[in-house]
Amino acid sequence: MSRIWVLGAGQLGQMLKHAGMPLDLEVCPVDIESEETFPLQLHEQVTAEREQWPDTAATRQLAAHPGFVNLNTFPILADRFTQKSLIDKLELATAPWRLVEADTTAEGLHQALGERVLLKRRTGGYDGRGQHWLREPGRDAIPDDWHTQAIAEQAIDFDEEVSIVGMRGDDGQCHFYPLTLNLHVNGILLGSVSPLARLSHLQAEAEGMLGKLMNDLDYVGVMAMECFRVGDHLLINELAPRVHNSGHWTQAGASVSQFEAHLRAVAGLPLVKPRVKNLSVMVNLVGTERDNGWLAVDGAELYWYGKEVRPGRKVGHINFCLDSQAETRSALDRLEPLLPANYGPVLDWLRSQLD
Ligand code: ATP
Ligand code: MG
Ligand code: MG
C-alpha cells in the first residue's frame, strides 16, 4: 500500500482519505496545528488541502519532505499578488487589478480601476473574508493595515460565476471536468450545477486557460479555476492548487471524482478523462445543524463533515446526480422544507438551471 500525507485535516483532507480507500491508498491528513512528528518515509508523497499553512512542527516536517508534490506552486498561488502576476504573465484574462502599495490612495485606485473597487487581502482570505469594498469615489478609504497587504480589483459586472476543475499528470497530460455553474452568496459558495449544455461553448476557452497555468507551473494534481462569465468570455477570478468545493459534485456525477483524480496524479497512477454521468447538483450546507431528514430525500448523497456548526461555516454538502432533471427538481422540492429559509433562493436558482 502506498501512503500519501495531506497537509491539512479539514473536510478536503477527509474526502481525499475517503477517495483513497478503493485504491488501497492510505491517505493521512495531518492537522496543521500539530506539534507531533509523523513517520514519513522517503518514498511517500505529500500533498496539501490548503494553499497556506502556519509554521508548526507538523507543517515544517511535511514541507521539508522531498516528496511534497507542487511545493513551489503553493506560495505563488497563496499570495494574490503573485497569483495575479502569473495570470498577467501568461496573458490570461482576469479582472484588472493593482497592488495596494504603501502610498496607494483610494482616489488613485478609482482612477485606475473605476467607480467600484474590491480590495482583497493578499493572503489568508476565503469564503469572501478578507475583502473590503471601495463603493464609490470619495466614500470609502483603504484601511490602514491593508497597505502592502492587499490587491485592488475592478468590480466585474459578471453574468454569472463558473469554475473548472482540471488535472495534470507528471507526464504533462491534462484532463478536465465540464464547467460548473456556481452560486456564491456573500462570498460563500452555496450551490453548483454541472454540466450545462449552455456553457459548453466556453469549455475550450476554460481548458486552454487552466491548461496553460498548470503547464507553466509544471503542476501535478487537481487545480481549480474560478471565473466570471461576462457575455461569451471568461475572466479568471482566482485559482486553487487543490481539490475545490465547486468540484464536489464529481463525487456523484463522474466516473473518477476530483479527490480520486488528485490522488491518482500524486501517486503516479493513470489519469483519464472522467466520464460524466448525468447533470449533478450540489447544495453546500453552511452554518446549519444536521438534519437526518436529508437522508430520506430520494437520491440525496450527504457528506457531513462533523465540524462544530457556526454561522457562515461550511459543515457539509449534498450531491444529487439523478436520471432526469424532473427527478432532480422534485428532490430539491423535497429538500427545501428541511433547510433554513435562506436556502429558498438557492433552491430556486438551482431549479432555474434545470430544463
Ligand atoms: P473562496 O472561498 O472561493 O476561496 P475568496 O474569499 O478567496 O473565496 P474570491 O473568490 O476572490 O474570494 O471572491 C469571493 C466572491 O466575491 C466571488 O465568488 C464573487 O462573488 C465576488 N467577487 C470577487 N471578486 C470580484 C470582483 N472583482 N468583482 C465583483 N465581484 C467579485
Ligand atoms: Mg479563495
Ligand atoms: Mg473564490
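Asp218 is exposed in this predicted model, because 12 other C-beta atoms lie within 10 Å of its own and a residue with 12 or fewer counts as exposed. Asp218 is found in the loop between α6 and β12 (221–230). Its phi is near 50°, a positive value in a residue other than glycine.

Most residues other than glycine have a negative phi, and most peptide bonds are trans. The backbone features described here can be read against that background.

Asp24 also has a positive phi, about 55°, although it is not a glycine. This residue is found in the loop between α1 (11–20) and β2 (25–30). Is Asp24 buried or exposed? Asp24 has 8 C-beta neighbours inside 10 Å, so it counts as exposed.

| Residue | Phi | C-beta atoms within 10 Å |
|---|---|---|
| Asp24 | about 55° | 8 neighbours |
| Asp218 | near 50° | 12 others |

Another backbone feature concerns a peptide bond. Which two residues are joined by a cis peptide bond? The bond lies between Ser194 and Pro195, and its omega is about -10°. Pro195 is found in the loop between β11 (188–194) and α6 (203–217).

In an unreviewed UniProt entry, "domain: ATP-grasp" covers residues 84–267. The span of residues 84–267 is 23% helix and 33% strand. Its end C-alpha atoms lie 29 Å apart.

Methods
Residues numbered from 1 in each chain as written. Chains lettered and ligands numbered in written order. Predicted model: local features only at pLDDT ≥ 70, side-chain atom pairs only at ≥ 80, totals over all residues. UniProt positions renumbered as here; feature names shortened; annotations may be inferred. Helix = DSSP H or I, 4+ residues; strand = E, 2+ residues; numbered from the N terminus. Buried ≥ 20, exposed ≤ 12 C-beta atoms within 10 Å, placed from the backbone.
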